[in-house]
Amino acid sequence: MKTMKKLMACAVALVMVLTTVFAGMTTAYAADAAVELQTAKSGDNVTVSLVAKSDFNVGGLEGTFSYDANAFTSAGEVTSDLLEVNENASTGKIMLDTGSNLDIKAGDVLAVWTFTTADAFAKDTDYTFTFQLEDAYNFDLDSYDWAEETLTVTYNEPDEVEPTEPNKVVDLSDITITKVIEGEGYETTTFTFTVTAVTDGAPAIEDLTIASDGTSLSVSLPSEVEFPNGGVFEYTVAEVQDATDEAWTYDDATFTLKLEIEPYNENGDLKLDAVVVSDASGEKVDAIEFTNKYEPTAFTTLTVKKVVEGEGDNPLYADKEFSFTITFVAPEGVTEDITVGNDTITAPYETYEFTLKNGDELTFENIPVGTTYTLVESGEEYYTGAAEVVSGETKSSVEGEYAADLTVNGTAADGENGVTVTNTYSITPPTGVTIHSEMIVVMALVMVALLGSFVLSRKLRRTR
């Protein structure tokens, strides 16, 4: 029985294929002799595989191994996909058992050891890892030259690397500025943001822009900014206040941006290590966000009407023209022109003159809501002016004086706006004394006649 087992063992040919894994490269070696590996150095992972060289049938294999403790931190662990590992690799002895006979095929990996070269791994020093194979039935296989192999690992000095200049270009693209827009109906507008260096030596960062083609947008800081060295660099972030369109209200907030730039490797390459953002009060905030409001200017109209009332049969009553002036003052920033008939009152508005007769009216259009105005009617003899004013939902009245200018101050509101000026004709002034040009002429003629009669009578008396 023992003779048959020994003959079977002689038919078994095993080879250790020693594999060293380093820097992503794998090298395999046939176990015909001791093998020297030139790619291992301190801290490298090394694996040793036991591979069948030919087909055979076996119930189990037992192996002992040894390694240089100065070369390897430990023997690591041993694993097998085909056989059961009955003992830990660190004991120096393993049993690979199937529990029953197993057909092994050439190329099957029976076991794999993984271990790591020690920190003390020294240059120009050879270290060994030895494995001796026996069969599970304790037959002595020492007479077979393939039963024992030694792995010799030699320190390989890494290629000397030329020192390089530190990479000082830092990616800041994770830092964003966000724009929030309140309002609708706006055309595409470009918003500009400044990132101004506060720290001496801090690199300049160009202005950033966002186009208003959405309700919430953001822009990133540049992905390549070169810093002179590591340290803390401070910037101020603000939005450019653009007054070309008065419908926009710009956010006047300012933010302080602190960047902690640190080297992250032996070469001194720089990276962004931390970001701190605070508002104008010094409170830390999570984001750099600006909110702009879009409130387009509303427009309205103003109609001035003329009414003449009064007593007496005056031929001037129906056709008399009354003179007016009106001066508009628009809200700050508003530059819209006002139109009246075929005329244009160009901003900033100049005083506009016009006349109205009884029953006439004049409408001013394209008046920005919130515009104030002063309407003045020139005083006329025998007439007392008064006005009724409508400003949106508000109504008021103005009382004038006899033959005096009438002044109306108002504000163009959203909705109906109008001023109705009524002049009342009277030959009797408020004092109760009759004033009439024809009567004055008659009285003057009577006085002249009386004076002439008096002088004539004196002369006649002297003649007598």
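**A guided reading of the predicted chain**

With a relative accessible area of 16%, S426 counts as buried, because buried means under 20% relative accessible area. This residue belongs to the loop between β33 and α2 (437-463). Although S426 and E309 are 117 residues apart along the chain, their C-alpha atoms are separated by 9.0 Å.

From this residue one may turn to the chain as a whole. The chain holds two helices and 33 strands. It has 464 residues, and 34% of them are buried. When contacts between residues at least 6 apart in sequence are considered, 72% join residues at least 24 apart.

In soluble globular proteins, nonpolar side chains tend to be buried together. In this model the largest nonpolar core has 32 residues, of which L172, I177, F227, Y235 and L257 touch the most other members. The elements that contribute two or more residues to this core are β13 (176-182), β14 (190-197), β15 (205-211), β18 (231-239), β20 (254-263), β21 (270-278) and β22 (288-294). The largest share, four residues, is that of β20. For L172, leaving aside residues up to four places away in sequence, the residues touched are I205, L221, P222, S223, V225, F227, L259 and L272. Apart from this core lies another, of 28 residues, which includes F322, F324, V389 and V421.

A pair of aromatic rings is described by the distance of the centres and the angle of the planes. The chain contains 18 aromatic pairs. One of them joins F328 and Y349, with 6.3 Å from centre to centre and 80° between the planes, an edge-to-face arrangement. F328 is part of strand β24 (residues 322-329), while Y349 is in the loop between β26 (343-345) and β27 (352-356), so the pair ties together parts that are 21 residues apart in sequence. Both F328 and Y349 are buried. These two residues also belong to a cluster linked by ring pairs, together with F324, Y352, F354, F364 and Y373.

Rings also meet charged side chains. K306 lies over the face of F322, 4.2 Å from the ring centre. Likewise, the charged end of K179 is placed over the ring of F191, at 4.9 Å from its centre.

Is N417 buried or exposed? Its relative accessibility is 4%, so N417 counts as buried. Which backbone oxygen does the side chain of N417 reach at 2.8 Å? That oxygen belongs to A413. The side chain of N417 also reaches the backbone oxygen of G415, at 3.1 Å. Not counting residues up to four places away in sequence, N417 touches T300, T301, L302, T303, V390, S391, G392, T411 and A412.

Key:
Residues are numbered from 1 along each chain as its sequence is written. This is a predicted model: local features need pLDDT of at least 70, side-chain atom pairs count only at pLDDT 80 or more; totals for chains, interfaces and linings use all residues. Side-chain values use heavy atoms; hydrogens and water are left out. Rings of Phe, Tyr and Trp (its six-membered ring) pair if their centres lie within 6.5 Å; planes under 30 degrees apart count as stacked, over 60 as edge-to-face and the rest as tilted. Buried means under 20% relative accessible area, exposed over 50%, partly exposed in between (1.4 Å probe, protein chains only). A charge sits over a ring if NZ of Lys or CZ of Arg is within 6 Å of the ring centre and within 35 degrees of the ring normal. Contact means heavy atoms within 4.5 Å. A polar contact is a pair of N or O atoms within 3.5 Å; within protein, one must be able to donate a hydrogen and the other to accept it, and residues adjacent in sequence count only if both atoms are side-chain atoms. A nonpolar core is a set of buried Ala, Val, Leu, Ile, Met, Phe, Trp, Tyr and Cys residues joined through side-chain atoms within 4.5 Å.
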